[in-house]
Structure formats: C-alpha cells, structure tokens
Amino acid sequence: MPLAARDDQFTLRGAFAERLNLAGPRNSVYAFLVNAETLLPLVPGVARIVAHEQGAYRLVFAPVGAAGLQFILELELRVSGDGARTVTLASVPTGIPPLEPKGTLGDFGATLILTDQGAETAIDGNATLTVVDTIPPMLRRMPRMLLERTTSLAVGKQMEAIGRDLMRNVAAAYPDWRKNHPDA
C-alpha cells in the first residue's frame, strides 16, 4: 500500500530492530506468535483492536506526538506465517477510513524470524512504519525536509520503544501461554 504525500502533507517514518530469546521450542513459540489474537494485544500503545474481514485487524493506538504534533495512528494488519520460522505483520489494503476522527492510517510491516538456540528460541524482530499526514497550518512555512526529519526522528524513537516493549510483553506472556498449550 504505497503512500504518497500531496503538497499539504508530509511523511513520517520509523523502524525498530529487537532480539529476544525465549525458553521453549521454536514450534511452540511460532504457534504463540502466529496467532493474531495472542500477538496483537501485546503491541504496546494500542487503545483498541477491531477485527475485520479475512483475518485483518484494525489497531487504533492511543494519541502520540511528534515535534509538537499529535495524531492517532491506525494500522489495518494481517498476521501470517510461513508455517515454521517466520511470522509477518503487514498492512493490508482497506477501504475502511480511520475509526477515530483525527486518525491517520499508516503503512506497517514487521517480520519476526525464529531461530533454534538449543533449548531456547531466538526471535529477531524488524519493523518499519510510514505515515502520511496533513501539515498543520502553523508548520506550513517550515521546509518539508526539516519537518519530515524532525518528526521521523521522534516517530523512530517511539517505534524503538514499541519494539522493545513488544518483546518484553512477549517474554512476559509466553510462559503462561505455554503452560496452557503444552502440546503446541
């Protein structure tokens, strides 16, 4: 879903890369992560999750700020996997407008790659986010490149925090899930 900015819009970008080791076999960790209803509630900052058709979910985040701006990010995502080692969270095309009045749809992609590490499973997570938003009137005289760099720096820091906190949430939730799903 490519996003292109009009003259009155600017693009914010962010990314994260995190690693986590979990005590447990890869097939069990995979089963835990590939389940959208298990994984998506662990994403930090999400105010609500709405299930849509064909396995897509709308994640509505609590309002976030960047460079004195505030917006509500929404992502229309699907969680999928390759059956063994890779779990993907990716934006899906949608005709559904933002659910919040000031909501902005983002383009998101994340990959969780699982690797056997003896009795543990390593999870290498990488994600990117792109959001196109309208330039507020008070900032329209600012050079677009400066505005995008400043806001992308702030969004990048927020994405790093989300990645770190997501991995912490996964590490905290997985042991209980594994106790309840010993055959996974």
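A: Asp165 is partly exposed, with a relative accessible area of 24%; here buried means under 20% relative accessible area, exposed means over 50%, and partly exposed lies in between (1.4 Å probe, protein chains only). The model is predicted, so local features need pLDDT of at least 70 and side-chain atom pairs count only at pLDDT 80 or more, whereas totals for chains, interfaces and linings use all residues. Residues are numbered from 1 along each chain as its sequence is written, and side-chain values use heavy atoms, with hydrogens and water left out.

Asp165 takes part in a salt bridge with Arg168, the closest N and O atoms being 3.5 Å apart. The term stands for a side-chain nitrogen of Lys or Arg within 4 Å of a carboxyl oxygen of Asp or Glu. Both Arg168 and Asp165 lie in helix H3, three residues apart, about one turn of the helix. Helices (H or I, at least four residues) and strands (E, at least two) are DSSP runs, numbered from the N terminus. Arg168 counts as exposed, at 51% relative accessibility. Asp165 also forms a salt bridge with Arg164, where the closest N and O atoms are 3.7 Å apart. Arg164 is partly exposed, with a relative accessible area of 35%.

Helix H3 spans residues 144-180 and also holds Ser152. Ser152 is buried, its relative accessible area being 18%. Neighbours within four places in sequence aside, Ser152 is in contact (heavy atoms within 4.5 Å) with Thr11, Leu12 and Arg13.

Side chains of opposite charge can pair when their charged atoms come close. The structure holds seven salt bridges. One of them joins Arg48 to Glu100, with the closest N and O atoms 2.8 Å apart. Arg48 sits in strand E2 (residues 46-51) and Glu100 in the loop between strand E6 (86-91) and strand E7 (103-117), so this pair ties together parts 52 residues apart in sequence. Arg48 is partly exposed, at a relative accessible area of 34%, and Glu100 is partly exposed at 24%.

As for overall charge, the protein has 18 positive and 19 negative side chains, and the centres of the two sets lie 6 Å apart. In this count Lys and Arg are positive and Asp and Glu negative, while His and the chain ends are not counted. Each charge is placed at NZ of Lys, CZ of Arg, CG of Asp or CD of Glu.

The fold around these sites has three helices and eight strands, in the sequence order β-α-α-β-β-β-β-β-β-β-α. Among contacts between residues at least 6 apart in sequence, 66% join residues at least 24 apart. Of the 184 residues, 40% count as buried. The accessible surface comes to about 9,600 Å², with 53% belonging to carbon and sulfur atoms; areas come from the Shrake-Rupley method with a 1.4 Å probe, and for residues only the protein chains shown count as cover. The C-alpha atoms fill a box of roughly 60 × 30 × 25 Å along the principal axes.
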